[in-house]
Structure formats: C-alpha cells, structure tokens
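Please walk through this structure with the model open beside the text.

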Amino acid sequence: MKWKIGNVKIDNQVVLAPMAGICDSAFRRIVKSMGCGLIETEMVSTRAIMHLNSKTQEMLMMTDYERPIAQQIFGSDVESFEIASHYIIENMNPDIIDINMGCPVTKVAVKSGAGSALLKDPEKASEIVKTVVDNVDIPVTVKIRSGWNENNAVEIAKTVENAGACAIAIHPRTRHERYDIPADWSIIKDVKDNVSIPVIGNGDIRTCYDAKRMIDETGCDAIMIGRGVMGNPWIIKQCVEYLDYGKEPERVSSKEKLEMFKKHTELIYKDSDNEKIIAHKLRTNAAYYMKNLHGSVEIKKKIFQTKSTEELFDLLENYVKTLRY
Ligand SMILES: Cc1cc2nc3c(=O)[nH]c(=O)nc-3n(C[C@H](O)[C@H](O)[C@H](O)COP(=O)(O)O)c2cc1C
C-alpha cells in the first residue's frame, strides 16, 4: 500500500530501521534491491557533522538508488542540529531528516543528553524538532523508544507532532529495558490512536507474518525492520509481497545466500578503499548471511580467522557445497 510522509511518496509499508555500524550505503542498496519502501541511514552525530572528518563523510554517503531515504541524526544541543541540518541538505540532499530519540548507549549518546535521554526532557525534544523543521524544507521525522524508565511514548509523540514532525517511528521498549523483554506492540497502538501523523511500528519483526500482525494489531501506517534484515534482506521482499498481495514467502537456499553475500561484497569494495574496514565488514556480513544454516556456529569462528577475501570466499563456497539446501 502506498503512503506518504509530508510530500514524500512511499511505495509500500516496509521501512529499513537505522542501525549504526550496519546500515551503510552498500547494505542499503542490497535492501533497496529487495523493494524496500523507505530506507533509513545509520545515525550520525550532529557534532561530528560540525567537525567533519573523512569517517563522518563516508558515513553520510548515499546514492540516488536508495531514495526515498531518511538521514538520521542525533545530538543534544539545538545549535548543532541547526548546522548539521544545513550541511545535510546542501551536501547529501536526503528526502527526509530523522531525529534519533532512542539510542540507549551511554557512551555514544545518553551521557551528552542525546538519543533516549531526550525522552526525559520533552521541552528540549520539542525545541530540537522545531529547530530542524524551521531550517529545512523537507519532512522531519522522529524515532523514539517508549520512554526512559517508564512509558511516556504518547506524551513524546504528541510533543514532537506539535513541534512539526511529519511522522514518528516507535520502538516500544524503554531505555531501561534495552532488548531484555519483548517489544510491547500495544504502545504502538496507543501512539497511533493519539496522533494524526503517520506512525511506523518497530520491534521484533522476524517474518512477513509478524509484519502483518503488527499492522493488524496496532493500525500503524508502516512497519520498520532492523535486526531481522541482517544477513536476510529477503525479509523485505517477503513483507512487501505478503502485505500487498498476500504472497507466501519462499525459502532462500544457502547458494542464494552466498551469491547475495558476493554481490554485497562488490558494493562494499566500490564504496571504500580502507582494507581494514572492508575486512571487518566482510566478516561481519558473512557471519550474518550464514547464520542459522547447519553448522554455522563452527563456520562463524572460521570466518573470523580468514586472512583474505579469497580465503573467505573459498571457505564459504566449500561450506555451502556441504549443505543440502
Ligand atoms: C546494531 C544496531 C544498531 C542500531 N543503531 C540504531 C541507530 O543508529 N538509530 C536508531 O534509531 N536505532 C538504532 N538501532 C535500533 C533499531 O533501529 C531498532 O529500533 C531495534 O533494533 C528494534 O527493531 P528490530 O527488532 O527490528 O531489530 C540499532 C539496533 C541495532 C541492533
């Protein structure tokens, strides 16, 4: 089903979640090739954008193929949001800017009052959203957890809606809960029932059936998938086809997984010439693609012992030959 965020048209209800260290452009292009309706980048710090270095520039890289795309930013001071928003519009030109109010990690965000710490301070959250909205002419969205220690998702959702946000994504766990308990989808419904902007539901979607159930139970406008996509981009296509046409998902063979990993590898090489970063990304992704296959725990150990891309490919090819499917 088609829908919109502000004036941005989105072809289906499947959204890629922002994931730091995972959702680089190569990953996003693989996900886009599966028909993803809206792609989110990993979060980038507004302060890092102000003091731009080559690592931040590489993180901000995006291609037209990934559109519509939302660039996620995080920070705590209004001035840095203003400067970062201008930089992003002038240099990256995404379709949407998304503000992170969910990151639970102390060292990365919370210590400085960013990410989920903003859930404790609705006034500040509002000020930040207003600032970004006033400084850009594209839709601004917000991604939240359900609260700091306690659920205040509806209060925050209304606050950011009043401040001018065009959509809200909700991962219904408090900062305190981290990932320790199942996502409480009833909070997505509460948010949906209390705001007029589109609501994107997130948390624990592992199959296309989960996606449909989340929409049915909560009335959310779209679903967002994070961990379920790692090593399994097919889940995007399966969700799109099941939600739009009721098409049942097909099983993906180990050979197809290996081929996709090779395609992914090519994209990683195209985007970077830093051998250390490439090696890290290849091993991490290889482990995800092989996850859940017979004997994959053993193979994972061997993946991280390989010394070159050829050795890694040889290992995976020989491994896949031993599998029945
Ligand atoms: C490795 C990793 C990195 C993440 N990075 C971000 C991020 O940069 N910004 C953000 O808003 N959420 C981030 N998240 C949270 C996800 O976007 C998502 O809300 C969460 O994983 C729940 O969805 P899931 O059950 O589909 O994974 C991250 C999650 C993981 C596992």
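Helix H1 spans residues 25–33, and helix H10 spans residues 254–271. In this predicted model, the two pack with their axes 8 Å apart, at an angle of about 140 degrees. Angles over 145 degrees would count as roughly antiparallel. H1 and H10 are therefore oblique to each other. Their crossing is right-handed.

Which residues of H1 and H10 meet? H1 brings Ser-25, Ala-26, Phe-27, Arg-29, Ile-30 and Ser-33. H10 answers with Met-260, Lys-263, His-264, Leu-267, Ile-268 and Asp-271. By class, this contact of H1 with H10 has 6 nonpolar, 3 polar and 3 charged residues.

H10 also packs with helix H11, residues 275–290. Here the axes come within 10 Å and cross at roughly 160 degrees. H10 is therefore roughly antiparallel to H11. This crossing, too, is right-handed. On the H10 side, the contact uses Lys-257, Leu-258, Met-260, Phe-261, His-264, Thr-265, Ile-268 and Tyr-269. H11 contributes Glu-275, Ile-278, Lys-281, Leu-282, Asn-285, Ala-286, Tyr-289 and Met-290. These residues divide into 10 nonpolar, 3 polar and 3 charged.

Now turn to the ligand. There are 17 residues around it, and Pro-18, Gln-72, Asn-202, Asp-204 and Arg-227 come nearest. Gln-72 places a polar side-chain atom 2.7 Å from a ligand nitrogen atom. For Arg-227, a polar side-chain atom lies 2.7 Å from an oxygen atom of the ligand. His-171 has a polar side-chain atom 3.5 Å from a ligand oxygen atom.

Terms used:
Residues numbered from 1 in each chain as written. Predicted model: local features only at pLDDT ≥ 70, side-chain atom pairs only at ≥ 80, totals over all residues. Heavy atoms only, no water. Axes fitted to C-alpha atoms, helices over the stretch in contact; angles between N-to-C directions. Helix = DSSP H or I, 4+ residues; strand = E, 2+ residues; numbered from the N terminus. Parallel < 35°, antiparallel > 145°, perpendicular 65-115°, else oblique. Left-handed = near helix turned anticlockwise from the far one by under 90°. Contact = heavy atoms within 4.5 Å. Nonpolar A, V, L, I, M, F, W, Y, C, P; charged D, E, K, R; others polar. Near = heavy atom within 4 Å. Polar contact = N/O pair within 3.5 Å; in protein donor to acceptor, adjacent residues only side chain to side chain.
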